[in-house]
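This briefing is intended for a reader who is meeting the structure for the first time. Please keep the sequence and the model in view while reading the points below.

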Amino acid sequence: MSTPTTARRPGPGRSFTGLLWSLVPIVVVISLLVLWQRGSPSPVTSVDPRPDVAYAQRISPVPLPAPGPLPATWRPTSSHVDAPAGEKRSPVTLTIGYLTEQNRFAQVVIGDRPVDTLIPATQPGATADGTAQVGSSARWQAYRTQRGERLLATTVGKAGVYVTGDASAADLAELAAAVR
């Protein structure tokens, strides 16, 4: 004797429509979590570069210049010293990043070696791009970085100095002129 088989109708979770309806609440919850986590953008924090400047000048085997006063609307946002060989041993590199009045990035890099050694070590692939006037009398070498940003460089004593970033040419020249 054979038993009659009854056709079983798919339940609500066993069809494509049921699958879609079960995914809708998950997608809504995930979307709300993503929107909630975004929040408001976090502001860029300012730092005090003076301790790093003093440290770099103390440990460098050659006298290092430092950036002087800049417009009050400029904010230092990053600062660090790189001295992999230790105190009084080359290389020593001081890097300070700024946010300009137009919210553009400008960076000064000061190292204990001439720019023809400093640039290849810290900006590989930078190519010469003429010269640029900095201040009333100084001519700095101009370069283009691999990112296409302008880079202005010179040697002060035995120290190499360059400024770079996506800031305007005038802002980069102002930062360069502030290095003493």
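The mean position of the 17 positive charges of the chain and that of its 12 negative charges lie 12 Å apart. These values come from a predicted model. The chain exposes about 11,300 Å², and carbon and sulfur atoms account for 58% of that area.

**Overall architecture**

- The chain contains 4 helices and 7 strands.
- Read from the N terminus, its elements follow the order α-α-β-β-β-α-β-β-β-β-α.
- The chain is more spread out than a compact globule, because its radius of gyration of 28 Å is well over the 16 Å that the globule rule gives for 180 residues.
- Along the principal axes, the C-alpha atoms occupy a box of roughly 105 × 35 × 35 Å.
- Buried residues make up 35% of the 180 residues of the chain.
- Of the contacts between residues at least 6 apart in sequence, 52% join residues at least 24 apart.

**Helix 1**

- Pro 25 belongs to helix 1, which covers residues 16-38.
- Pro 25 counts as partly exposed, at 44% relative accessibility.
- Between Pro 25 and Ala 142 there are 57 Å from C-alpha to C-alpha, and the two are 117 residues apart in sequence.

**Helix 3 and its surroundings**

- Helix 3 spans residues 115-122, and its buried residues are Val 115, Leu 118 and Ile 119.
- These buried residues line one face of the helix, since they fall within an arc of 95° when seen down the helix axis.
- Asp 116 and Ala 121 are exposed on the other side of helix 3.

**Thr 154 in strand 6**

- Thr 154 is part of strand 6.
- With a relative accessibility of 17%, Thr 154 is classed as buried, because the cut-off for that class is under 20%.
- Leaving aside residues up to four places away in sequence, Thr 154 touches Val 115, Trp 140, Ala 159, Gly 160 and Val 161. One of these, Val 115, is also among the buried residues of helix 3.
- Val 81 is 73 residues from Thr 154 in sequence, and their C-alpha atoms are 19 Å apart.

**Helix 4**

- The buried residues in helix 4 include Asp 171, Leu 172, Ala 173, Leu 175, Ala 176 and Ala 178.
- The cover over these buried residues includes strand 2, strand 3, strand 4 (127-134), strand 5, strand 6 and strand 7.
- Ala 178 is placed in helix 4, which runs over residues 169-178.
- The relative accessible area of Ala 178 is 5%, and the residue is therefore buried.
- Apart from residues up to four places away in sequence, Ala 178 is in contact with Ala 66, Pro 67, Gly 68, Pro 69 and Leu 70.
- Leu 20 is 158 residues from Ala 178 along the chain, and 63 Å separate the C-alpha atoms of the two residues.

**Backbone features in the loops**

- Most residues other than glycine have a negative phi, and most peptide bonds are trans.
- The peptide bond from Ser 90 to Pro 91, by contrast, is cis, with omega near 5°.
- Pro 91 is located in the loop between strand 1 (75-82) and strand 2.
- Lys 88 also lies in the loop between strand 1 and strand 2.
- Although Lys 88 is not a glycine, its phi is positive, at about 60°.
- Asn 103 likewise has a positive phi, near 60°, and is a residue other than glycine.
- The position of Asn 103 is in the loop between strand 2 and strand 3.

Key:
Residues are numbered from 1 along each chain as its sequence is written. This is a predicted model: local features need pLDDT of at least 70, side-chain atom pairs count only at pLDDT 80 or more; totals for chains, interfaces and linings use all residues. Side-chain values use heavy atoms; hydrogens and water are left out. Helices (H or I, at least four residues) and strands (E, at least two) are DSSP runs, numbered from the N terminus. The radius of gyration is taken over C-alpha atoms; the globule rule is 2.2 Å times the number of residues to the power 0.38. Buried means under 20% relative accessible area, exposed over 50%, partly exposed in between (1.4 Å probe, protein chains only). Contact means heavy atoms within 4.5 Å. Accessible areas come from the Shrake-Rupley method with a 1.4 Å probe; for residues, only the protein chains shown count as cover. Lys and Arg count as positive and Asp and Glu as negative; His and the chain ends are not counted. The place of a charge is taken as NZ of Lys, CZ of Arg, CG of Asp or CD of Glu. The arc is that of the directions from the helix axis to the C-beta atoms.
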